Amino acid sequence: AVVLGIETSCDETGVGVVADGRVLGAALASSMDEHARFGGVVPEIAARAHLESLTPCLLSAMEQAQVKPGEIDAIAVTSGPGLATALQTGLAAAKALAFGWDKPLYGVHHLAGHVAADTLEHGPLPARSIALIVSGGHTSLLLLGDLARDPIVHLGDTVDDAAGEAFDKVARLLGLAYPGGPAVSRAALDGDRAAIAFPRAMLGQGYRFSFSGLKSAVARQVEREPDLSVPDVAASFQEAVVDVLTRKAVAACLEHGIDTLVIVGGVAANARLREVAAERCAAAGLALRVPPPALCTDNGLMIAAVGDLLVEAGHPAAALDLSADPSAPLTKAVCA
Ligand code: ATP
Ligand code: MG
Ligand code: FE
């Protein structure tokens with residue numbers, strides 16, 4: 001199916017057009033720089049930026065895709081989770097298009113979008129797989145069946161900070177640029193990842209994660225030794241995160257007899273995570289799937305990809321009074 005996807009859950013305005021699992025065209029705008037001086041995303045600023053960027057992104061994605069409204073089968077939009085005012089901006093645009101062009105509307109769960117992003121690069125998921133979602137607001141190990149049809153089973157989630165949040169907070173502690181993930185990983189390139197033995201939380205305790213203790217350990221280290229090497233701290237911190245994530249993800253696959261691990265979300269763009277995951281999956285005989293970095297962070301294509309799967313599965317469309325659910329739990333791909 002030809003599906004137009006709209007993503008506005010945080011600070012990225014994403015519009016993408018997908019046809020039968022393939023990318024046709026996309027556009028992305030970010031208000032990231034406008035939030036930098038506040039050290040985090042300001043919802044009102046994000047919502048206003050979405051409003052300004054949506055139409056240009058829509059026109060540019062459709063131009064690149066070379067599709068006319070008549071050729072589109074459905075509109076998909078992130079309806080949760082995310083910032084309420086930001087979600088509402090994308091929802092209003094999606095509803096207007098669905099109504100004006102007379103197309104079915106699908107409300108999509110943002111995290112199902114992160115998972116579906118991988119199908120645009122590597123094709124349909126196998127019948128069963130395990131997904132590790134590592135993003136700015138979430139860290140979860142999931143048991144997946146058919147993404148469009150089956151319930152999503154949580155094997156474990158973070159009990160406090162998300163992995164991306166830990167990168168962002170540690171970046172602040174180290175005086176690195178916002179957003180923190182890319183800055184920490186860049187600093188880590190010149191560092192010794194064995195310099196400081198940071199704690200590996202909750203190893204051997206199932207599939208839950210905890211990253212707030214690690215962040216505090218970094219804070220204490222910086223306080224104790226103010227002139228220690230930023231690259232060494234960054235590399236050692238990154239190694240602690242990557243070690244726990246990959247150990248638990250591989251263990252979950254082996255315990256559940258599943259041979260495919262999919263790692264998605266913004267932190268999946270991290271080069272060291274991709275490297276260690278590849279080593280450990282190869283050693284365990286597992287197939288590893290990670291989207292290209294540009295599809296790991298928020299974008300409109302991943303939402304269109306879920307819409308495409310829902311249309312193909314014959315899933316009923318949402319009503320035009322679909323509302324945003326800022327804290328929607330991830331139980332299925334639709335969010336309505
Ligand atoms: P969520 O998807 O949970 O709602 P979000 O949409 O804000 O949150 P994403 O766009 O998936 O999050 O990812 C952004 C997060 O990814 C940020 O925390 C950012 O620091 C982190 N990130 C991005 N690139 C990297 C990288 N190279 N290394 C580590 N972390 C990264
Ligand atoms: Mg973002
Ligand atoms: Fe996201």
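**Ligand shell and sheet of the predicted model**

Helix 6 contributes four residues to the shell around ligand 1, the largest share; helices (H or I, at least four residues) and strands (E, at least two) are DSSP runs numbered from the N terminus. The structure is a predicted model, in which local features need pLDDT of at least 70 and side-chain atom pairs count only at pLDDT 80 or more, whereas totals for chains, interfaces and linings use all residues. Residues are numbered from 1 along each chain as its sequence is written, and chains are lettered from A and ligands numbered from 1 in the order in which they are written.

Around ligand 1 there are 24 residues, of which Gly 136, Gly 137, Gly 164, Gly 181 and Gly 266 come nearest; a residue is near a molecule if its C-beta atom, placed from the backbone, lies within 6 Å of it. Two or more residues of this shell are given by each of helix 4, helix 5 (163-173) and helix 6 (180-188). The shell comprises 16 polar, six nonpolar and two charged residues, where Ala, Val, Leu, Ile, Met, Phe, Trp, Tyr, Cys and Pro count as nonpolar, Asp, Glu, Lys and Arg as charged, and the others, Gly among them, as polar.

An open sheet of mixed pairing is formed by five strands in the order 8-7-6-9-10; two strands pair if DSSP finds at least two bridges between them. Strand 8 (153-157) and strand 10 (287-289) each have a single partner strand, so one side of each edge strand lacks a neighbour in the sheet. Strand 9 (residues 260-264) runs parallel to strand 10, joined to it by three bridges, and Leu 261 stands opposite Leu 288 in strand 10.
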